[in-house]
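Reader: I would like to learn how to read a model such as this one, feature by feature. Could you take me through it with the general idea ahead of each case?

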Amino acid sequence: MTSVNIDPHVAAIRQVRPRTNGCEDCLRLGTPWVHLRLCLTCGHVGCCDSSPMRHARAHAHTMDHPIVQSMETGEKWRWCYVHENYV
């Protein structure tokens, strides 16, 4: 029998809606972004690690909201910033 490792941070996932159509912080600062990530704890929209400001990662660590989901069309994956792994 194989064991399945389930990330304990999935408990932080809530049913959320994106609060904006772009990176909240980049919109406020006037900076560019590459891709968007949705915080699955509060609905914050932040930019990805390929973006200059990496706001999604900063939000995850500052707010202790570990899991995001891609907001890119056709992508359904989720990422845990604590474990640096897909969930």
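Author: What follows goes through the sheet, a helix, the cores, a cysteine and the aromatic rings.

Author: This is a predicted model, in which local features need pLDDT of at least 70 and side-chain atom pairs count only at pLDDT 80 or more, while totals for chains, interfaces and linings use all residues. Residues are numbered from 1 along each chain as its sequence is written, and side-chain values use heavy atoms, with hydrogens and water left out.

Reader: What does UniProt list for residues 8–87?

Author: The unreviewed UniProt entry gives "domain: UBP-type" for residues 8–87; such annotations may be inferred rather than shown by experiment. The span is 19% helix and 20% strand, and its end C-alpha atoms lie 10 Å apart.

Reader: In what order do the strands of the open sheet lie?

Author: Helices (H or I, at least four residues) and strands (E, at least two) are DSSP runs numbered from the N terminus, and two strands pair if DSSP finds at least two bridges between them. Here five strands form an open sheet in the order β2-β1-β3-β4-β5, with antiparallel pairing. Its edge strands, β2 and β5 (85–86), each pair on one side only. Between the antiparallel strands β4 and β5 there are two bridges, and C80 stands opposite N85 in β5.

Reader: Which residues of helix α2 are buried, and what covers them?

Author: Buried means under 20% relative accessible area, exposed means over 50%, and partly exposed is in between, with a 1.4 Å probe and protein chains only. In α2 (residues 55–63), the buried residues are H55, A56, R57, H59 and A60, and their cover includes α1 (24–29), β1 (36–39), β2 (45–47) and β4 (78–80). The helix α2 lies across β1, β2 and β4 and runs at about 125° to β2, where axes are lines fitted to C-alpha atoms, for helices over the stretch in contact, and angles run from 0 to 180 degrees between N-to-C directions. Just after α2, D64 takes a positive phi of about 60°.

Reader: Which residues make up the largest nonpolar core?

Author: A nonpolar core is a set of buried Ala, Val, Leu, Ile, Met, Phe, Trp, Tyr and Cys residues joined through side-chain atoms within 4.5 Å. The largest has nine residues: C23, C26, L36, L38, L40, V45, C47, I67 and C80. Strands β1 and β2 each supply at least two residues of this core. A second, separate core of five residues includes A56, A60, W79 and Y81.

Reader: Where does C48 lie, and is C48 buried or exposed?

Author: C48 lies in the loop between β2 and α2 and is buried, at a relative accessible area of 2%. Contact means heavy atoms within 4.5 Å; leaving aside neighbours within four places in sequence, C48 is in contact with V34, H35, R37 and R54. The C-alpha atoms of C48 and R37 are separated by 6.2 Å, although the two are 11 residues apart along the chain.

Reader: How many aromatic pairs does the structure hold?

Author: A pair of aromatic rings is described by the distance of the centres and the angle of the planes. Rings of Phe, Tyr and Trp (its six-membered ring) pair if their centres lie within 6.5 Å, and planes under 30 degrees apart count as stacked, over 60 as edge-to-face and the rest as tilted. The structure holds two such pairs. W77 and Y86 are edge-to-face, at 5.7 Å centre to centre and 85° between the planes. The rings of W79 and Y86 have centres 4.9 Å apart and planes at 80°, so this pair is edge-to-face. W77, W79 and Y86 form one aromatic cluster, in which W79 is buried at 18%, W77 is partly exposed at 26% and Y86 is exposed at 53% relative accessible area.
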